[in-house]
Amino acid sequence: MSEEGSLHDNVRTAWDDLATFWDERMEAGATWQRHLIQPAVERLLRLQPGDRVLEIACGNGEFSRRISELGGDVLATDFSEAMLDRARSHGGDVEYRSADATHEEELLALGDPRSFDAVVSNMAIMDMESIEPMVAAVSHLLKPTGRFVFSTLHPAFNSEDARPTVELDPEGSTTEVYSVRVSSYGRTFTGKGVAIPGQPVEQWYFHRPLWMILEPFFEHGFAMDALEEPLVDLDHGKPGTPMHVYTQLPDVLVSRMRRIA
């Protein structure tokens, strides 16, 4: 097996192993999905009743079910069968199918050309070894002027080489100063990490600077027409901890790309 194939299998295995833990934490509201990420994605998605929506890398299907509740006709996909099992266990009017976001042909097989009003991918781009196959497929699946909304870790402020910090004012007062120390941004790198404290295994991350995330979209006839950098509200960012910095600097980035060609 090639090194690339072995890595891809390891990425999939990690998500299979995380499925139960991830689902339980998300259902308990123990992640930032509902209060930070989901509202911004909904605003940019601008869902209309009856819209045909494809969700790529749906995980436990939480957002897929939300789209359905808002009136969308949803096809949701993931490459982890364990995640899809968890998604299906929650019921809801969502069609789930197995598809690998890094395989263009698998995505193209999900529907006819120009058959989706919108595509969404929540907090998954940083988990993919390659995003070009997904963008290429979506450019064929979307209707003219269709939109693709994605959320991802903010590459400038939340990556393996970005460290949230808290320190006392240098004059010796009790004022706390929050910051993110960034030691590398412009290079790509691959590593393992933890998204939710206590998770049984680490997952893989694939860091790309912002231009590298956007480049495939531009090459496939998309333009960005909306962008949000939501901040954690004070109810969820505990003062005195390094994570409080994300009440002041964006932890995630949410973008809407629209087909123009």
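A226 lies in strand β10, which spans residues 222-228; helices (H or I, at least four residues) and strands (E, at least two) are DSSP runs, numbered from the N terminus. The structure is a predicted model, in which local features need pLDDT of at least 70 and side-chain atom pairs count only at pLDDT 80 or more, while totals for chains, interfaces and linings use all residues. Residues are numbered from 1 along each chain as its sequence is written, and side-chain values use heavy atoms, with hydrogens and water left out.

With a relative accessible area of 15%, A226 is buried, where buried means under 20% relative accessible area, exposed over 50%, and partly exposed in between (1.4 Å probe, protein chains only). When neighbours within four places in sequence are left aside, A226 is in contact with L44, V254, S255 and R256, contact being defined as heavy atoms within 4.5 Å. For V254, which stands 28 residues from A226 along the chain, the separation of the two C-alpha atoms is 8.4 Å.

T165 is placed in strand β6, residues 162-168, and counts as buried at 17% relative accessibility. The side chains of T165 and S179 are joined by a polar contact of 2.7 Å; such a contact is a pair of N or O atoms within 3.5 Å, of which, within protein, one must be able to donate a hydrogen and the other to accept it, and residues adjacent in sequence count only if both atoms are side-chain atoms. Apart from neighbours within four places in sequence, the residues in contact with T165 are V177, Y178, S179, R181 and P242.

The structure holds 6 aromatic pairs, for which rings of Phe, Tyr and Trp (its six-membered ring) must have centres within 6.5 Å, with planes under 30 degrees apart counted as stacked, over 60 as edge-to-face and the rest as tilted. One of these is the edge-to-face pair of W32 and Y246, with 6.3 Å centre to centre and 75° between the planes. This pair links distant parts of the chain, 214 residues apart, since W32 is in the loop between α1 (3-27) and α2 (33-45) and Y246 is in the loop between β10 and β11 (252-259). W32 counts as partly exposed at 22% relative accessibility, whereas Y246 is buried, with a relative accessible area of 1%. F217 and F222 also form an edge-to-face pair, at 5.7 Å centre to centre and 85° between the planes, and both residues are buried. Ring pairs link F217 and F222 with F148 and F150 into a cluster.
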